[in-house]
Amino acid sequence: MKIRKNVAQSDSGFIFNPSNGDSYSVNETGKLIINLLQQEKDDEDIIKQITDEYRIDRDSVEKDLYDFKNMLDAYKLTE
Amino acid sequence: MEKKQYERPLIKPLNNGLMNKFGTRTEYTAITNIDGKNVKELLKEFGSPLFVMSERKIRDNIRSAKRVFETRYPKVQFAWSYKTNYLNAVCKVFHQEGSWAEVVSRFEYEKAVNNGVPTNKIIFNGPDKTDDDLVLSIKNDSLIHIDHLDELYRLIELSGEMHKKPRVAIRVNMDTGIYPMWDRFGFNYENGQAWDAINKIIASDKLNLVGLHCHIGTYMLAASAYGIAAAKLAELAISIKKRYNQNISYIDMGGGFASKNTLKGATHLGVDSVPEISEFAEAISSSLLNAGFDNAELPYLYLETGRALVDDAGFLLGTVISNKRLSDGRRATILDFGVNILFTSFWYDHKISPAQEFSFNTEDCVLYGPLCMNIDVIRENVSLPPLNNGDNVVVHYVGAYNITQSMQFITLRPSVVMIDLKGDAHVIREKESVSDVEKNERIIDHLEKFKL
């Protein structure tokens, strides 16, 4: 999954999709995942980075990542 | 380096100027303690889910209500409404604070007797009193509140047979300007049924009419309706004095004062819109004091307030079982307590707080119970911080009607603990066991054995 190239993300977690004018806000972990996806990291890299940085188990992150990516897809932020 | 607190990744669309059916964020603080007891430790010790009653809050509520009424009216007596919460520990706190007992069934009557309430301080309401119940109440000199003519005639017969003159009141229903009008209980004021019943009682010379009772509704949001009701009962009492030269010794205004819970569909939160008890007290006492009673003959004011005195003293603690995404994109969180023990979630949007610290981010979600039934919805729309599996929540304002209306459905009902004034937690109802539930079941011989 890739984030659309023209999707912009601010440091404060504000997301703007110029294709349709929609905007979103994300929390800290959401912001991190979008950043990593923009760097074209795969799921394993993302899960590792999150479990390294946060107090959370791998299975929970995997489940949350799957759900979050589905939401990015539903909001047409991916290509 | 110490790892950071994890929060599920969230993405929220930003919409300008549109109403959000999930409402705005209302929870700003985690509830980690109740009366000084740590929520997570309580759950660890007594299991999840868990009802918690605060003895301190109950005492504060009844003392405050008494003060509010007694500063406005000289003769006030509270009677604890057993049906609101009849756990013995809860009832006994009210009895220690001077409340009598108000019961609506033989079961509740026996609970009050077993709790040590003097039988002449038990008010027996309700439409279903059997001959046995009436005979017992007559023997015990309890206050019998008559609901319908059949009961009135039966009571006249029984008291004649027993050669005893029971103390009775009639329940009166009336138009107080609120909808729906509760006219299914008691005798109507406007069409003359109430006056007719009064005349029948006095003419019989078998019953001692000592009181007049009403209970105009539940979760009442208009204090003025109580003023109208008190004025109408006072008018009946004064008519009795004029016609029969007989004093009515008490006027019982029943219950119905709203708690601070938020009704489904309400435009404002309950804490912002529900009248204070002082407003009800002002309306009732003004009506009675201005009704025209001789000062020496002012009737006692009885109050059967339940919900407003106990709702905010009860908490339900629970645990998140799982999170899922619904087909329409909504977040659903499944909790380990359902509508079987939180019956009031059918009509309240209960305030629910996380029991652990959280960030400023919120997520619109639906809260479901664990019952494997579609109707098991705790909150249809609520904006909460993201909850993870194993996180805990605290449901507020659950002290009224949940324990008495709970159902043992597919699972066992949880423990109830009371936190005493020293901050110690005591079990006041043990968690149910399979043997509790099966105790009253019987197997027919030919069903004993089977081979699969």
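**Nonpolar cores and domain contact in a predicted model**

The largest nonpolar core comprises 116 residues, and V52(B), I122(B), V172(B), L233(B) and I251(B) have the most contacts inside it. A nonpolar core here is a set of buried Ala, Val, Leu, Ile, Met, Phe, Trp, Tyr and Cys residues joined through C-beta atoms within 7 Å; buried denotes 20 or more other C-beta atoms within 10 Å of a residue's own, with C-beta atoms placed from the backbone. The model is predicted: local features need pLDDT of at least 70, side-chain atom pairs count only at pLDDT 80 or more, and totals for chains, interfaces and linings use all residues. Residues are numbered from 1 along each chain as its sequence is written, while chains are lettered from A and ligands numbered from 1 in the order in which they are written.

- A second, separate core has 21 residues, among them I46(A), I50(A), F68(A) and Y6(B).

**Domain contact in chain B**

- The centres of domain 1 and domain 2 of chain B, taken over C-alpha atoms, are separated by 33 Å.
- Their contact (C-beta atoms within 7 Å, placed from the backbone) involves 19 residues from domain 1 and 20 residues from domain 2.
- On the domain 1 side, α12 (402–405), β21 (416–419) and β22 (425–429) of chain B each give two or more residues.

Key:
Buried ≥ 20, exposed ≤ 12 C-beta atoms within 10 Å, placed from the backbone. Domains from an automatic or database assignment. Contact = placed C-beta atoms within 7 Å. Helix = DSSP H or I, 4+ residues; strand = E, 2+ residues; numbered from the N terminus.
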